[in-house]
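Please consider the structure shown below.

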Amino acid sequence: MLASGLTLMRALEILKEQVQSSAMQEVTDSIINEVEEGKPFSSALLKFPEVFSNIYISLIKAGEASGLLDKILFRLAENLEKSAKLKGTIKSALMYPIVVIVLMVVVMFVMMIFVIPQLTVLYKNLNVPLPLSTQLLLGLSSFVQTLWPIILIGLAVGVTLFRRWHKTTEGQLIIDSLVLKLPVFGKLISQTILAEFARTFGLLVGTGTLVVDALLQTADTAGNIHYRNAIKDISKQVEKGVTIGDAMSVYPLFPPILIQLVKIGEQTGKVDESLGKASEYFERDVDQTVKTLTTAMEPFIMIVL
């Protein structure tokens, strides 16, 4: 709408009328009131950090300062769409095994409590010696049937304690390290983080954000503490005069192809374009890994079932 010549106020009013979510209508209404009072658009967005990320607001500020708000919004929209597509790809790959495993556990729990006790009565009436495996199964069923409330409470307490521990720095370091070492899934998660890093960092640099600030903002979006710490340390090295590529080469978390593309971008003065190509490369890798994973997982899950 801005590219078509509409004023910011008129564009916001049209958006308010078209938004389906009542919560988002309230957000838009508040932004309109702030802008009407003479506040910058970016300042109005600051009131809603749960809706608009720091990177989003930073880019809007850059657009206001340069007078290219419509072009910045186009790039921001493209970035958000790619990010949503990438997350959707990962979710679609993980949804199938998660649903199957959850249903499998539920069915096993139901069988232990309701089905096997009926068979226990039958076996007792037969009055014949039972194989060891059957005895173990009946014993497990009796245990679950008697103590299922304690088991459920124990699971709830265990999950709560684990979540609290995971929020600590030590917990994040251990869990995030184990996640990256997972077979297949570790590589997939790493590729996703690298794609997001390259795209977001390239977008910030391309819109005029200082490299150090761009790195710090990109670090906050990294979903893994090891990548977050590495990116923050790279920003400190860059601040001291080290090139981005050289600073990145210290960390094995960043593959050689990304480091080489960044170095080429620095030499040609087109870091944002090089990072855009790197992002596309990792996104293609993610797509291919997901396809392979989905194909391989189906027979594996059938065997487990």
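Within the chain, helix α10 (residues 225–239) has the highest confidence, with a mean of 93, whereas α5 has the lowest, at 84. The score is pLDDT, the predictor's confidence in each residue on a scale from 0 to 100. Over the chain, the mean pLDDT is 88, and 100% of the residues reach 70 or more. This is a predicted model, in which local features need pLDDT of at least 70 and side-chain atom pairs count only at pLDDT 80 or more, while totals for chains, interfaces and linings use all residues. Residues are numbered from 1 along each chain as its sequence is written, and side-chain values use heavy atoms, with hydrogens and water left out.

The largest pocket holds about 770 Å³ of space. Its lining consists of 29 residues, and S83, K87, E196, T221 and G223 lie nearest its centre. At least two lining residues come from each of α4 (54–66), α5 (69–126), α7 (169–180), α8 (185–206) and α9 (211–221). Helices here are DSSP runs (H or I, at least four residues), numbered from the N terminus. A pocket is an open set of points on a 1 Å grid over the protein atoms alone, where a 1.4 Å probe fits, with protein on both sides within 12 Å along at least five of seven lines; lining residues have an atom within 4 Å of a point.

The second largest pocket has a volume of about 620 Å³, the space filled by probe spheres set on grid points joined across faces, edges and corners. Among its 21 lining residues, M1, L15, F41, Y56 and L73 are the closest to its centre. Helix α5 gives the largest share of this lining, 6 residues.
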